[in-house]
There are 2 protein chains.
Amino acid sequence: MQGKRKMADEQKITLAHGSGGSTSYELIRRITRVFGKPAAELNDSAVVGFGKSRLAFTTDSFVVKPVFFPGGDIGKLSVCGTVNDLAVAGAVPLYLTASCIVEEGFKISDFKKIVESMKKAATQAGIRIIGGDLKVVKKGEADGIFVNTAGIGMLRSNVSISVDNAKPGDKVIISGSIGDHGIAILSQRPGISFRTNVKSDCAPLDSLTGIVCRFGKKVRVMRDPTRGGLASALNEIAMASGKTIIIDESAVPVRREVGSACGLLGLDPLQVANEGKLVAVVSGSVAGKICREMKKNRYGKDAAIIGEVFRGKSGVYMKTIAGGKRIVEMLSGEQLPRIC
Amino acid sequence: MQGKRKMADEQKITLAHGSGGSTSYELIRRITRVFGKPAAELNDSAVVGFGKSRLAFTTDSFVVKPVFFPGGDIGKLSVCGTVNDLAVAGAVPLYLTASCIVEEGFKISDFKKIVESMKKAATQAGIRIIGGDLKVVKKGEADGIFVNTAGIGMLRSNVSISVDNAKPGDKVIISGSIGDHGIAILSQRPGISFRTNVKSDCAPLDSLTGIVCRFGKKVRVMRDPTRGGLASALNEIAMASGKTIIIDESAVPVRREVGSACGLLGLDPLQVANEGKLVAVVSGSVAGKICREMKKNRYGKDAAIIGEVFRGKSGVYMKTIAGGKRIVEMLSGEQLPRIC
């Protein structure tokens, strides 16, 4: 007994704990138990009452490497990430705080670029940056810069969106091609030997979720499939809702370059991170209409209905192009550290 | 011209930029200019409208070293820090998010201790932890654990507290002895050769600020003098309010051990960090009463009126015990990295 406890106490944090996949999921469940029943649970934002309104509140730390990458930088990413967590809760993003941990010796010009990039992304999303903090640590005690953002939004009164709200007959929509962010970051890593033109899809999704939210309670779940990719987002929905989700491989948009890179690296595009994509589970009765409306938005041009929700055991399956059916698993272990 | 610009671009972030003193102050002013006019400016929290209520919103990143120190740990510190930023804005702290950046190899048992410590501090302060995030970076890319907290509070309707609100005739109150946190952390650093029994004063101040806020608009400014100490907090008040503040050395509570340690290390206790102290600038007409009420609270037992606000040029002065008068300067350069 004593031996067993000692072993457990000496367990160490591994990169897999930060992967966004099943190992993170388990650790986060263990931690959240300490806090009782947090409002956020496995949703992207916590939703709580504030005065007579409902408020969405979320936070994320960003440790992406490299700090500047094709399609964005840590500043843009940190603002979009938090805006998107509010947006997929069905909230209108309002206020943001930003806090930086910077390694001694980091160039002030790069810091300024990052701050300007935050400002630009915030202006685009209509969110106000209203506070912040700066900590500096000695050379070697951090790697460049880490950024934390926290955001507040006001919940739309007509929606009731939650990860456990998928119903049989609902359709699954993805707003565009998957895996772009992960592959863009991977292509920049020293030691990874491939060239690609793929850019991160990093973008604020509040205008797109605004369109979807016009359909009120017909919208059941919204997620932005970041770490762990579409596979992890769908598995979380299936588990929380106690439903089976079946997606159709031929319907899932994947850029040719992303498909090739994934083939080369032995990755499943379904498990690769996105930073500007929306997964929406919506009533089958309005799915086609929502998808058409999404296509009018710059971030939803390639929106597609990719699957359906069924009664049955929690799980996600995919009808393959080859005509088979396979389990879609949550990312397990580490795929790529510091993807966001 | 070109040469000058190039030089400026190649400037690097230094530890002094994170000191909480004048170098941080300048950099933060430069950054906040990019964001327009942030609501927080130099206040501890930003105050904005939300529905029909007024909301205080704040964030801080914590990089304290060591992670466990006499009187607390990074978990307690991160919750108290954010609770206090809300409390000194005159708000009732309500909701908190916590986000951790953890170095690969960090002990899970230590991580659990920190999380439990956050939970305990949050329960004491009556704030609910409702969301979080976890990022893991490779060994050597961070130093142990960094914690970010963001918090929301509801502003009391009867107060109007702001750093620029000090008026001639107002009195300055400090809630207890200064410099305890800084000296407790310093005493734990390898290479620093002194022993002391000083514990960090790390504590949630919401109950104490609640007492002060009963005096409504007679309360002009509240601050928690963290990085940069009492000296920086008073200088920020004097600058923002355009007033002269004169404090009385004999009235400022300093523990004997803290005084000795400061003497030994060549530090000014006025510039040493606190994590559980309140500075309040209040109308002279109620200062005595407020001070007596504060003494009834466990965190205000040693409260004292230490100075007064005067018409005149922005600045802070101290009447010394020796009978002289000296300028109280904002901390400049680096005193001690990773104090919080």
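Colleague: Hi! How many salt bridges are there between chain B and chain A?
Modeller: The count between the two chains is six. A salt bridge here is a side-chain nitrogen of Lys or Arg within 4 Å of a carboxyl oxygen of Asp or Glu.

Colleague: Before I go on, what should I know about the model and its labels?
Modeller: This is a predicted model, where local features need pLDDT of at least 70 and side-chain atom pairs count only at pLDDT 80 or more, while totals for chains, interfaces and linings use all residues. Residues are numbered from 1 along each chain as its sequence is written, chains are lettered from A and ligands numbered from 1 in the order in which they are written, and side-chain values use heavy atoms, with hydrogens and water left out.

Colleague: Thanks! Which residue does B:K65 meet in a salt bridge?
Modeller: Its partner is A:E141, at 3.4 Å from N to O.

Colleague: And what kind of peptide bond joins B:K65 and B:P66?
Modeller: A cis one, with omega of about 5°. Most peptide bonds are trans. B:P66 sits in the loop between β2 (53–62) and β3 (68–69) of chain B. Strands and helices here are DSSP runs numbered from the N terminus: helices are H or I with at least four residues, strands E with at least two.

Colleague: Back to the interface. How many residues does the contact take from chain B and from chain A?
Modeller: It takes 78 residues from chain B and 78 residues from chain A, with contact meaning heavy atoms within 4.5 Å.

Colleague: What is the area buried between chain B and chain A?
Modeller: About 6800 Å², and carbon and sulfur atoms give 71% of that. Buried area is the accessible area (1.4 Å probe) that two parts lose on being put together, summed over both.

Colleague: Which residues of chain B lose the most area to chain A?
Modeller: B:I13, B:F50 and B:I108, which together make up 12% of what that side buries.

Colleague: What rotation superposes chain B on chain A?
Modeller: A rotation of 180° with 0.0 Å of shift along its axis does it, at an RMSD of 0.0 Å.

Colleague: New topic: helix α8 of chain B. Which of its residues are buried?
Modeller: In α8 (residues 256–265), they are B:V258, B:A261 and B:C262. Buried means under 20% relative accessible area, exposed over 50%, and partly exposed in between (1.4 Å probe, protein chains only).

Colleague: Why are they on the same side of α8(B)?
Modeller: Because they cover an arc of only 100° around the axis. That arc is taken from the directions from the helix axis to the C-beta atoms. The face turned away from the buried side carries the exposed residues B:R256, B:G263 and B:L264.

Colleague: What covers the buried residues of α8(B)?
Modeller: The cover includes α5 (180–186) of chain B.

Colleague: Which residue forms a salt bridge with B:D180?
Modeller: That is B:R255, the closest N and O atoms being 2.7 Å apart. B:D180 lies in helix α5 and B:R255 in the loop between β10 and α8 of chain B, so the pair ties together parts 75 residues apart in sequence. B:D180 is buried at 2% relative accessibility, and B:R255 is partly exposed at 39%.

Colleague: One last thing, the strands. In which sense do β10 and β13 of chain B pair?
Modeller: β10 (residues 244–248) and β13 (residues 315–319) pair in the parallel sense over five bridges; strands count as paired if DSSP finds at least two bridges between them. B:I247, for instance, has B:M318 as its bridge partner in β13(B).

Colleague: And how many bridges join β13(B) to strand β14?
Modeller: Three, and β13(B) and β14 (residues 325–327) run antiparallel. B:K319 stands opposite B:K325 in β14(B). The two strands form a hairpin with five residues between them, and B:G323 in the turn has a positive phi of about 100°.

Technical notes. Copies are superposed by least squares on the C-alpha atoms of residues with pLDDT of at least 70 in both.
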